[in-house]
Amino acid sequence: MDIDKVFKALADPTRRRLLDQLHRESGQTLSALCEHMYMTRQGVTQHLQLLEEANLVAVVWQGREKLHYLNPVPLHEIYERWIGKFERNRLGALRGLKRKLEGDDDDKA
């Protein structure tokens with residue numbers, strides 16, 4: 001995975017919007033994706049191409065239709081490498097504090 005391509009793809013709000021659309025409903029055609037965008041079909045195609053190059057979107061041909069699917073694996077890898085390891089201890093401490101403040105109700109259930 002080329003992490004720089006993933007970060008570059010995520011840097012653009014239009015591409016993030018396309019990813020949000022595919023998260024809501026994966027397997028959309030270009031026409032379906034264009035319905036929610038305020039740009040030309042060619043513009044959407046160029047953004048999708050960058051998302052494909054970053055491996056954030058996978059394409060499956062179904063007859064004459066090209067379906068676009070969200071590939072969450074690169075996002076998960078970014079989370080694991082850049083977010084998860086930095087937040088793990090803090091989130092564990094917050095979970096422990098929450099349990100103490102709530103009187104360990106989770107253990108009694």
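Modeller: Before we start, one definition: a residue is called buried when its relative accessible area is under 20%, exposed when it is over 50%, and partly exposed in between, using a 1.4 Å probe and protein chains only.

Colleague: Okay, and what kind of model is this, and how are residues numbered?

Modeller: This is a predicted model, in which local features need pLDDT of at least 70 and side-chain atom pairs count only at pLDDT 80 or more, while totals for chains, interfaces and linings use all residues. Residues are numbered from 1 along each chain as its sequence is written, and side-chain values use heavy atoms, with hydrogens and water left out.

Colleague: How many helices and strands does the protein chain have?

Modeller: The protein chain has 6 helices and 2 strands, where helices (H or I, at least four residues) and strands (E, at least two) are DSSP runs numbered from the N terminus. Along the sequence they come in the pattern α-α-α-α-β-β-α-α.

Colleague: Is the chain spread out or a compact globule?

Modeller: The radius of gyration is 19 Å, well over the 13 Å that the globule rule gives for 109 residues, so the chain is more spread out than a compact globule. That radius is taken over C-alpha atoms, and the rule is 2.2 Å times the number of residues to the power 0.38. The C-alpha trace spans about 60 × 30 × 25 Å along its principal axes, and buried residues make up 29% of the 109 residues.

Colleague: Switching to the strands, how do S1 and S2 run, and how many bridges join them?

Modeller: Strand S1 (residues 57-62) and strand S2 (residues 65-70) run antiparallel and are joined by 6 bridges; for two strands to pair, DSSP must find at least two bridges between them. Gln 62 has Glu 65 in S2 as its bridge partner. The two strands form a hairpin with 2 residues between them, and Gly 63 in the turn has a positive phi of about 65 degrees.

Colleague: Which residue forms a salt bridge with Lys 66?

Modeller: Glu 52 does, with the closest N and O atoms 3.8 Å apart, a salt bridge being a side-chain nitrogen of Lys or Arg within 4 Å of a carboxyl oxygen of Asp or Glu. This pair links distant parts of the chain, since Lys 66 is in strand S2 and Glu 52 is in helix H4 (residues 41-53), 14 residues apart. Lys 66 is partly exposed at 28% relative accessibility, and Glu 52 is partly exposed at 23%.

Colleague: And how many salt bridges are there in the structure?

Modeller: The structure holds 2, and Lys 98 and Glu 102 also meet in a salt bridge, at 3.2 Å from N to O.

Colleague: What about aromatic pairs, how many are there?

Modeller: There is 1 aromatic pair. Phe 7 and Trp 82 form this edge-to-face pair, at 6.5 Å centre to centre and 75 degrees between the planes. Rings of Phe, Tyr and Trp (its six-membered ring) pair if their centres lie within 6.5 Å, and planes under 30 degrees apart count as stacked, over 60 as edge-to-face and the rest as tilted.

Colleague: Which parts does that pair tie together?

Modeller: Phe 7 lies in helix H1 (residues 3-10) and Trp 82 in helix H5, so the pair ties together parts that are 75 residues apart in sequence. Phe 7 is partly exposed at 38% relative accessibility, and Trp 82 is partly exposed at 40%.
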